[in-house]
Every structure is written in C-alpha cells, then in structure tokens.
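Morning, everyone. Let me put the structure on the screen, and then we go through it piece by piece.

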Amino acid sequence: MNVLILGNGGREHAFAYKISQSKKLSNLYIAPGNAGTALCGTNMGIAATDFEAIKNLVWEKDIDMVVVGPEDPLVNGIYDFFKADEVLKDIAIIGPSKAGAQLEGSKDFSKEFMIRHNIPTARYQTFTAATLQEGLKFLETLNPPYVLKADGLAAGKGVIIPETLAKAKKELTEMLANAKFGSASAKVVIEEFLKGIELSVFVLTDGQHYKILPAAKDYKRIGEGDIGLNTGGMGAVSPVPFADTTFIKKVEERVAIPTLKGLQQENIIYKGFIFIGLMNCGGEPYVIEYNCRMGDPETEVVLPRIKTDLLELFEAVANEKLDTIDLEVDERIATTLMLVSGGYPEEYEKNKVISNLDKIKDSIVFHAGTKIENEQVLTNGGRVIAITSFGNSMEEAISKSMKNAEIISYDKKYYRKDIGKDLMKLEKQAN
Ligand SMILES: Nc1ncnc2c1ncn2[C@@H]1O[C@H](COP(=O)(O)OP(=O)(O)O)[C@@H](O)[C@H]1O
Ligand SMILES: [Mg+2]
C-alpha cells in the first residue's frame, strides 16, 4: 500500500513511525512533514490544506490511503472533496466527512448533538451578538468560574474561563460584539464549570464498528503544577490510573456508543478517530468536547502502545471491517515529554541547531517542530521534540524521558519536570 500522511507535528511523526513498521506498506509520503517524518518516509512540500496539490500528489504517487492528522483539512471537507472526485473517490481516507468533523468544528453543533443523543455534558446555552443581553443575564444565573467557548476553530485558544462575573461579562462582550476570535466567536457557548480530573478517550470507528483505544492524560499549561498559559500540550501519559475499567466501561456505554449511534441516525459518515475529551467528576464521565482527530501529544503515547499493525487497522476502517480485527495493546505505561522553544507559547525563536539526537537510548524521539537544513536538524516551532518512553511503572517511564530530555540540546530548550507527578501522588493516596 502507498500511504500519504497529512500534517507536520509530533502526532504525524508518531503515525509515520507506526505505519513505517507495517508489513502492508510499500511507500510512505508525508505532506508537509518534518525532520522526523523524513526518517520514516518521503516529505513532500505541500500544505495539509491544499486539496488541489494533494490531489495531484495522490495521482502522481499512486496513493492508496490518506491519513489525515490535523483538524483543518477535515473541517474544510477533505473527505467530501475526495469522494466527489471521479479520480479520487476510491482512495481510503482516514478521517470523518465534513459533517462529522463538525463535532470539532462547531462547539454549538457538538453540544446540540450531545443533548440530542443524551450524552452527559455540562449544562449550556449558546449566544450571538443579537442575543448578547440574554447571554449577560445567563451568566448571572451561573456560579464562578465561568466557561466561555468560541464556537469555531480557534487553534486551542478559543476557551476562556474567567473567575469573576465582571470578567466573564467583559469577555462575552468582546467575543460577541468585538469579534475577539473573528468569525470563530460569532457564536459563543457558555457552560457550567465542571469540577473533576480531565482525561481523553480515543475511539477508532469505521462507521459501523469501533475500537476503544488506550486513554491518555495530557498537560496543557506551560508551567509546572499546571499553571500559566495554555499550550498545545507539554506531555502526556497512557494509561490513566484513575480511568479504571469501570470508568472506561461507563465512557463506552454512555458516550462512545451513543455518539456512534447518533452519527448513524443523522447519516453522518465517520471513518476515523473520535477524540473524547472528558471530565471525571467523582467517577462519572462528562464530555468536555469532541475532536475529529487524534490529539497531540496524546498520539505519542497512544500509538506506541498499539501492537496491532496500524495499516491493517486503517484498512479495516476503510472497508468497514473493524469487527474482524483484534486490537492488541501494550500493557506497559507510556509517557511523553515535550521539549519546547524558550518563550513558547508566546514569542520564541526558530532555527536553533538540535544536537545529540543520535545519543538517545531507551526512548522514542518524535519530532514536533523541526526541519532539516544543510544536513542539520533545526527547531521550527514552539513544540520541538516529544520524548516517549515505556515503563512498568510511571516513575520508570518518566525517568527515561527526563534523562533523555537533558541529553538533547538546543538553545533555550524548556520542558516541564512534573509530567505524571500528580497521577503518581493520586496513586500513592489510593494505595
Ligand atoms: N465545562 C467545563 N468545565 C470545566 N473546565 C472546562 C469546561 N469546558 C472546558 N474546560 C477546560 O477548558 C479546556 C479547553 O476546552 P475545550 O472544550 O477542550 O476547548 P479547546 O480544546 O477547543 O480549546 C479543557 O481542556 C478544560 O480544561
Ligand atoms: Mg480541548
């Protein structure tokens, strides 16, 4: 099989790494890829959202399957673009249709979907500029903190959680009346704040059948102790100790199955990953959000734990035969630690030489924001390298990643040294 992966982050390197090990693979291409994906296949200088250029590439390289990493091409309808094209319509796309991608593309759509299908989620209402006054009144009925979500895609920056009513009113006004997030905040979802521990569960579906993949917890804030600005993610662990089989069973029965049934009932084509962002509130799952693709850096801990041939799984997704495949999962604990550029998530510099990548033992190095120039690997983004390690305990896995985080070097390297520590504390309390 010839395979094309779209995207250029750590998630896509993890896909490339796994797919390059498949016995079903002939040639692997990544568009646009990074210095890490170049070790697994051939990078092509094409943006993941340039559908015409992707079409030409698929034709030229005789691609059989396209694996879509990020949300943008999905929300822009790459699935529908392929299926509507005479030349492309038989090529397998791993990712949902444009309608399915609305689970991520519109917070309002996804909340309405959850209500329609009785899926547990926080109480909410949606407002527009025309109903701003009602929105301000609705805020008065809630207790702090307040959760305000721009409806559309906002690159992970569209959710604001003000602590006071005055700040919440000011933010709502800025989002609706002053288009703080452009057209993404033309609608704003206001939700009840849920108290609990957050985690993500991933579902792979062919539209008829599904597999529940390993759960993961990520670390979103830049600072240790989970403080400071939000980032794309500073680390992740899988499995999640507080998400035991009882909890995962609840997620399957109350969320995953109703979500898939809901998609079928509404005739929404979905062949790909559903990322279910959850709050565990005293053992009960509530959906925070859906994403229509895998998470980054969660992919860097979830995929390495999957022992089943990834292309076999994807082929079954395309052929609606996922029920014929056994999902084999590595029992060990995987952790990933993200090395970022100094200054990130605010302003940071690029083009720093990364050294000692060849000195890494006992970990898998996934490139997130890197490029090759004159045979040197350079930093090319805020998040630079994800270091994934396995262990029989979380301590063991984390200490391997920590050791290697010291060895890899570039100017202004930064990483959190507390990934997983909260979970280890919880485990100790439980024992
Ligand atoms: N109802 C809620 N209660 C408590 N925290 C929330 C709630 N909704 C969102 N959050 C927090 O805000 C973060 C971002 O919200 P999310 O819906 O995942 O948006 P996005 O990932 O698109 O920015 C979540 O990861 C969670 O920590
Ligand atoms: Mg989220």
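P32 sits in strand β2. Strands here are DSSP runs of E with at least two residues, helices are runs of H or I with at least four, and both are numbered from the N terminus. The model is predicted, with local features needing pLDDT of at least 70, side-chain atom pairs counting only at pLDDT 80 or more, and totals for chains, interfaces and linings using all residues. Residues are numbered from 1 along each chain as its sequence is written, chains are lettered from A and ligands numbered from 1 in the order in which they are written, and side-chain values use heavy atoms, with hydrogens and water left out.

Is P32 buried, exposed or partly exposed? P32 is partly exposed, at 27% relative accessible area. The cut-offs: buried is under 20% relative accessible area, exposed is over 50%, and partly exposed is in between, with a 1.4 Å probe and protein chains only.

What does P32 touch, leaving aside residues up to four places away in sequence? G7, N8, N43, M44, I46 and A48. Contact means heavy atoms within 4.5 Å.

Strands β1 (residues 2-7) and β2 (residues 27-32) are parallel partners, with six bridges. Two strands pair if DSSP finds at least two bridges between them. G7 stands opposite P32 in that pairing.

What is the strand order in this sheet? It is β3-β2-β1-β4-β5, an open sheet of five strands with parallel pairing. The edges are β3 (42-43) and β5; each has a single partner strand, so one side of each has no neighbour in the sheet.

Next, β4, residues 65-68. β4 runs parallel to β1, and four bridges join them. There, L6 has V68 as its bridge partner. With β5 (residues 92-94), β4 pairs in the parallel sense over three bridges. M65 is opposite A92 in that pair. Which way do the β4 residues point? M65 and V67 point one way, V66 and V68 the other, and all are buried.

Helix α2 (residues 51-60) lies across β1, β2 and β4, at about 160° to β1. Helix α11 (residues 310-318) lies across β1, β4 and β5, at about 100° to β4. For the angles, axes are lines fitted to C-alpha atoms, for helices over the stretch in contact, and values run from 0 to 180 degrees between N-to-C directions.

Then helix α1, residues 10-20. Nine of its 11 residues are buried, so α1 is largely enclosed by the rest of the structure. Among the buried ones are G10, R11, H13 and F15.

On to another sheet. Four strands form an open sheet in the order β6-β9-β7-β8, and the pairing is antiparallel. Here β6 (124-128) and β8 (159-160) are the edges; each has a single partner strand, so one side of each is left without a neighbour in the sheet. β6 pairs with β9 (residues 187-191) over five bridges, in the antiparallel sense. Q125 is opposite I190 of β9. Helix α7 (residues 132-140) packs on this sheet, touching β6, β7 (147-150) and β9, and its direction makes about 150° with that of β6.

What is the partner helix of α7? Take α8, residues 165-176: the two axes come within 10 Å and cross at roughly 155°. That makes α7 roughly antiparallel to α8. The classes: under 35 degrees is roughly parallel, over 145 roughly antiparallel, 65 to 115 roughly perpendicular, and the rest oblique. The α7 residues at the contact include L132, L136 and L139, and those of α8 include L165, L172 and L176.

One more helix pair. α12 (residues 394-407) and α13 (residues 421-430) pack at about 160°, with axes 11 Å apart. They are therefore roughly antiparallel to each other. M394, E395 and I398 in α12 meet L423, M424 and K428 in α13.

Last, the cysteines. How many disulfides are there? Zero, taking a disulfide as a pair of cysteine sulfur atoms within 2.5 Å. C40 counts as buried at 18% relative accessibility. C292 is buried too, at 2%.
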